[in-house]
2 protein chains.
Amino acid sequence: MARTAGSDGEKTEALLRSAALELIARHGFDAMSMRQLSAKVGVQAAALYRYFPTKETLLFTLMKDHMEALQASWEAARPESDVSARLSAFVDNHIRFHIERRHATHVSNMELRSLSPERLTEIMRMRTNYEKELRQILRDGAQQGLFRIDDVTLTGMAIIQMITGVIVWFRPGERFSVDEVAQNYHRMTLRLVGAAHAEDSHV
Amino acid sequence: MARTAGSDGEKTEALLRSAALELIARHGFDAMSMRQLSAKVGVQAAALYRYFPTKETLLFTLMKDHMEALQASWEAARPESDVSARLSAFVDNHIRFHIERRHATHVSNMELRSLSPERLTEIMRMRTNYEKELRQILRDGAQQGLFRIDDVTLTGMAIIQMITGVIVWFRPGERFSVDEVAQNYHRMTLRLVGAAHAEDSHV
DNA sequence: GCATTAATTAAACGTACGTTCTATTAATTC
DNA sequence: GAATTAATAGAACGTACGTTTAATTAATGC
């Protein structure tokens, strides 16, 4: 056999990507074999090389797309309003985005080691750019006297770790809804930065 | 050749453990080969099997020792004093312990996937026990009216993620000392739980 | 100093991996 | 409907891996 009836490159690539995200998230990048991936989609291993020249390129592509989508999601959600609302929006967008794409998030957070130095640099650059948005919010809030922040870099890291960590324990359909988690976390974040009136917030 | 002059089982095992922590932290468990590990210590790969029956057992041993040491460290540091001091002590101990053992921490956080189900369960049980200590502090603080906490489980997770995340960005000898980081984080933690007078704290 | 135990080497086994090569069939174009 | 392009299959290549087996030397106990 060779080309199969109804085969379609775009469709196969999309299937491969989502199957790869699931397998890598579950077993890790090294532990996922190209044969395992191809079997999940129902093609031979050799067929993968029509879409991705190497296994590492596949990983890089997944991560890059994830980071671009994250940045785009924030730019679409970013309000022009006051800093507290911007901070809440950042936390909200971050949590929702990552919960909705838990596999891709796991991959992006756990498999950086498997990238070549150049590709690692590129992903880290995208990540840093995204995190700059948070730091700018923190800086604005501090300058306007609305936040009490000892160190912007350190506080930014603490918040990122805290809100990204949601995917470690969150399971859809259990105790908390996404809304509850998002609301709770943005309240904790506002307290963490010493936001004026954080305690009275009804949002 | 066979047994080498000056060879000593305890010494070799200790060397293997620390070499393994470093290699796994840097390259990941799957990416580390037994030959790579043995070469780092200067023995043949077959020699490893005198100390660890399988590669996975080696990983499990490292993780278990790490968790036991963490629990012991907290039990030694735990004060009998008021809840705010206990919370500060927890944060302080956690950060210092993890910074001092960054390799082991990385391994314990990143390589859970490579454990068999039974062994994963055991490590998770230890981890849960440790995290219970934090939740108890939060519960006590809330009951005494000192903390303002919406949900103990969720707040506990947020704090754990935040303070464990330090090892992701912290590099000894750069901008911050361990003391500064620990102090800053316990201030953020107290704010996060809405601790009364957190803003006036001089600790 | 001999017997025993501890620590290691050297070589090999079977397996699984990423990747490549070539052939083959399906869809598309004109 | 012939020519071309797209999408795959099937087989193979070389390599590296975890682990085992047997032999060998060093240290220890009596």
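## Close-up views of chains A and B

**View 1. Two copies related by an axis.** In this predicted model, chain B can be laid on chain A with an RMSD of 0.0 Å by a turn of 180° and a shift of 0.0 Å along the axis, the copies being superposed by least squares on the C-alpha atoms of residues with pLDDT of at least 70 in both. That is the relation of a two-fold axis. The same surface serves both copies, as 100% of the contact residues of chain B recur in chain A.

**View 2. The side of chain B that touches chain A.** Here 26 residues of chain B are in contact with 26 residues of chain A, where contact means that the C-beta atoms of two residues, placed from the backbone, lie within 7 Å. The elements of chain B that give two or more residues to this side are α7 (152-164), α8 (166-169) and α9 (178-192), helices being DSSP runs (H or I, at least four residues) numbered from the N terminus.

**View 3. Helix α4 of chain B.** Helix α4 (residues 83-100) of chain B has 18 residues and reaches 25 Å from its first C-alpha to its last, close to the 26 Å expected at 1.5 Å a residue, the expected span being 1.5 Å times one less than the number of residues. Among its buried residues are B:V83, B:L87, B:F90 and B:I95, a residue being buried if 20 or more other C-beta atoms lie within 10 Å of its own, with C-beta atoms placed from the backbone. The buried residues of α4(B) fall within an arc of 155° seen down its axis, so they line one face of the helix; the arc is that of the directions from the helix axis to the C-beta atoms.

Residues are numbered from 1 along each chain as its sequence is written, and chains are lettered from A and ligands numbered from 1 in the order in which they are written. Local features need pLDDT of at least 70 and side-chain atom pairs count only at pLDDT 80 or more, while totals for chains, interfaces and linings use all residues.

How values were computed
Buried ≥ 20, exposed ≤ 12 C-beta atoms within 10 Å, placed from the backbone.
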